Amino acid sequence: MAETSGQDNKQRRRAAWRASRRKLWQPPTEDRIGERLAALAADAEHVYDLDEWADLYGDGVVEAVEERTAALLGFPAAVFFPTGTMAQQIALRCWAGRTGNDTVALHPLAHPEVHERNAFSVVSGLRTVHPVREPRLPTADEVRDFEEPFGTLMVELPLREPGFILPSWDELVAVVEAARERDAVVHFDGARLWECAPHFGRSLAEIASLADSVYVSFYKSLRGLSGAALVGPTDVIAEARAWRHRYGGQLFQQYPAALSALLGMERELPRLPSYVAHAKTVAAALHEALRDARVPWFRIVPEVPHTHQFHVWLPYEPDRLEKAATEQAESTGITLFRVWWAPEGAPPGTSITELTVAEPGLTWTAQDVRAAVDEFLSRLV
């Protein structure tokens, strides 16, 4: 019965978010199947010749995605994967074979450690170590002085779990140099690398050039249906293709995902800098509204967002916050917050949510944000 009730609440929230006239973003999960298929059919001809044959085991349109990704990131070769989980396991086992060291240094809050059911060790025979445990990326000294040898340093850009955190450009360069001093290779988990360029003030190719290999996702920021790519040296990518086959990732046909990836790189990628810039306006207005409302305690992390996504912390239970957010969407047609959860290790009664600013959010003024916050908080009294 509880499971049914939970599913009903989820559907109620999704319906309220979808029907809202104002929202900061609309994730693809709020689209109907027919809507997504119709949009893909209408738009795909602008990025690929639809009179070409459908792909077969990775040729055709899939090769077009690989070529486009490699060019954007400044690498000689790329390989398309159905998932980032598979792409990164394969990348790191390729590097382990070349370095002779199967140990990967990464943050304990990195995606493979938190969301992939220990796949690195269980499936790929890799071992992980953590040069830093604080909610930030490691410093050069922490990498340089770490007590254990490692073959690969994996850096997630941005580090999602603590709030989509990025280092400064100089800090990132220093970390990479520290890894090189230890004869380690560097791999970037760039699932969301696409939106990092404004923070660093560098092109995607310049950022990617610091690493030996980079993984990017096509569905997180670029709104693709699914899929990922790994870029790197030609010989590493060739080996990755072999491992992709062994892992079951050489799919018969992938043209819907591939076409949506091309559309994302063509249309959504150029818009990301405007989302990143406006996220700073939204975060500042949130801070002012929460401060002026005399909320007992709150945090916006980072206070000035590094990308178009950031965290908000409030001193209330998740269920209470989600109820208020759903009721606000239903009664006013405004969706400000969505899902809330209790962060592990935080004091009882503390909740966190992720905020994303995308195209729908560009119309929100600072006053719009403050008004939405005030209306939301009124439902917690």
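**Close-up views of a predicted model**

**View 1. The second largest cavity has a lining of six nonpolar residues, no polar and no charged.** This model is predicted. The lining residues are L137, P138, V155, P167, L172 and V175. A search of the whole structure finds two cavities of 30 Å³ or more.

**View 2. The largest cavity holds about 50 Å³ of space.** Its lining divides into five nonpolar, two polar and two charged residues. L24 and W25 take part, along with T335, L336, F337 and R338. E354, L355 and T356 complete the list. Strand β12 (residues 351-356) gives the most to this lining, with three residues.

**View 3. W297 and W313 form an edge-to-face aromatic pair.** W297 lies in the loop between α13 (272-292) and β9 (299-301), while W313 is in strand β10 (residues 309-314), so the pair ties together parts that are 16 residues apart in sequence. Are these residues buried or exposed? W297 has 37% relative accessibility and counts as partly exposed. W313 has 17%, so W313 counts as buried; the cut-off for buried is under 20%.

**View 4. F80, W194 and F218 form one aromatic cluster.** The count of aromatic pairs in the structure comes to nine.

**View 5. The charged ends of R93 and R246 sit over the ring of W243.** For R93, the distance to the ring centre is 3.8 Å. For R246, that distance is 4.5 Å.

Conventions: Residues are numbered from 1 along each chain as its sequence is written. This is a predicted model: local features need pLDDT of at least 70, side-chain atom pairs count only at pLDDT 80 or more; totals for chains, interfaces and linings use all residues. Side-chain values use heavy atoms; hydrogens and water are left out. Rings of Phe, Tyr and Trp (its six-membered ring) pair if their centres lie within 6.5 Å; planes under 30 degrees apart count as stacked, over 60 as edge-to-face and the rest as tilted. Helices (H or I, at least four residues) and strands (E, at least two) are DSSP runs, numbered from the N terminus. Buried means under 20% relative accessible area, exposed over 50%, partly exposed in between (1.4 Å probe, protein chains only). A charge sits over a ring if NZ of Lys or CZ of Arg is within 6 Å of the ring centre and within 35 degrees of the ring normal. On a 1 Å grid over the protein atoms alone, a cavity is a set of points where a 1.4 Å probe fits but cannot get out, and a pocket is an open set with protein on both sides within 12 Å along at least five of seven lines; lining residues have an atom within 4 Å of a point. Grid points are joined across faces, edges and corners, and a volume is the space filled by probe spheres set on the points. Ala, Val, Leu, Ile, Met, Phe, Trp, Tyr, Cys and Pro count as nonpolar, Asp, Glu, Lys and Arg as charged, and the others, Gly among them, as polar.
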